[in-house]
Amino acid sequence: MSAQNSSTLPHPEAAEKSREPGREMKLLHFIYDQPKLEEIRGNPQKVLQLMDKFEEKYHMMTVGISKGKIVTDLINEVKPKIMIELGCYTGYSAILFGEAVRRNGGEKYLSLELNPEYAAIANMLIELAGLRDFVRVIVGRSDDSLDRLYRSGEVKKIELMFIDHYKPAYTTDLKLCEHHGMVVPGSVLAADNVLYPGNPPYLEYVRSTVEQKREVAKKGPSKGYDTTGFRERAVNSFQLQGSVPSFEVVGNPNLVYHSELNQPEGSNDAIEVTRCVGVQE
Ligand SMILES: C[S@@+](CC[C@H](N)C(=O)[O-])C[C@H]1O[C@@H](n2cnc3c(N)ncnc32)[C@H](O)[C@@H]1O
């Protein structure tokens, strides 16, 4: 479908943004049908601007401009060689943050995505942005992919990780990284959507003291995902309902975290930025 055809969609002018199925593929056509495509090729900012424009009419799950700035500021500060993101979707954050990591002298950006269709769309937009040699989208469950990245030796430690996927998996994936010793003093985590739709178990975990975490760890690894306090929609999203984490691990309660909310002005959501500042023996 061409950009012109998109004006005939069911609710484009409605105040409520359209959630019509297949809008991710429509985004791809909208961008590749631009008349001056050659001016966009190799320009991450222009691709992002078009994604923002598309999002004026369609509900997309992207991190967006204001929360995105919190993470790009972190990239400028941490200057990771390798940055990992959990949850690629159509590649907005992978393009925004991948460009920032490259500009700061990094080596690569790894984006973990469950849905192969979203990954395919993201790859074509990453390609258009000129980041295909820098950003790699890895298809599969984040826990399986994180485990494989560790065991292959490709990623031994987390420098900066953006967490933006299945909400109940934030905590279990972090514990898996802790279990492998990938979280070390200096590691930084940026977790999206901690206020909306919200993530009470994750916030509680990263804000707990070592003593509190040791108490909980005595009970052993939790079975399944902790869905306490989640909206039903967040639990049932991404067709992971009923599934359990691939690994049962307690993590490393001895890691000391400093964690704080970063809420852009006027936003109903925030990014929780968590820094590992030490290990308490
Ligand atoms: C909120 S969207 C990510 C948005 C993206 N970070 C951005 O800002 O453009 C969440 C994505 O996580 C993916 N996802 C959900 N559960 C996952 C899992 N267990 N492993 C990997 N990806 C997952 C979904 O398919 C979806 O594309």
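Leu-112 stands opposite Ile-138, a residue of strand β3. Strands here are DSSP runs of E with at least two residues, helices are runs of H or I with at least four, and both are numbered from the N terminus. The model is predicted: local features need pLDDT of at least 70 and side-chain atom pairs count only at pLDDT 80 or more, whereas totals for chains, interfaces and linings use all residues. Residues are numbered from 1 along each chain as its sequence is written, and side-chain values use heavy atoms, with hydrogens and water left out.

- Strand β2 pairs with β3 (residues 135-139) in the parallel sense over 5 bridges; pairing requires at least two DSSP bridges between two strands.
- The path from β2 to β3 passes through α6, and this β-α-β crossover is right-handed, meaning that it runs clockwise from the first strand over the helix to the second when the strands point away from the viewer.
- Strand β1 (residues 82-86) also runs parallel to β2, with 5 bridges joining them.
- Within that pairing, Ile-84 has Leu-110 of β2 as its bridge partner.
- A right-handed β-α-β unit is formed by β1, helix α5 (residues 92-103) and β2.
- Because 5 of its 6 residues are buried, β2 is largely enclosed by the rest of the structure; buried means under 20% relative accessible area, exposed over 50%, and partly exposed in between (1.4 Å probe, protein chains only).

**Surface patch**

- Leu-114 lies in the loop between β2 (108-113) and α6 (116-128) and is partly exposed, at 33% relative accessible area.
- Met-61, Leu-114 and Phe-238 make a nonpolar surface patch of about 220 Å².
- Such a patch joins nonpolar side chains (Val, Leu, Ile, Met, Phe, Trp, Tyr) within 5 Å, from residues with over 30% relative accessible area and no salt bridge; areas come from the Shrake-Rupley method with a 1.4 Å probe.

**Salt bridges**

- The count is 16 salt bridges, each a side-chain nitrogen of Lys or Arg within 4 Å of a carboxyl oxygen of Asp or Glu.
- Lys-26 and Glu-20 form one of them at 2.6 Å, N to O, and both residues are buried.
- Lys-223 bridges to Glu-248 at 3.1 Å, N to O. Lys-223 lies in the loop between α11 (210-217) and α12 (232-236) and Glu-248 in the loop between α12 and β6 (255-262), so the pair ties together parts 25 residues apart in sequence.
- A network of salt bridges links Lys-67, Asp-192 and Asp-269.

How values were computed. Patch = residues over 30% accessible without salt bridge, like charges linked within 9 Å, V, L, I, M, F, W, Y side chains within 5 Å.
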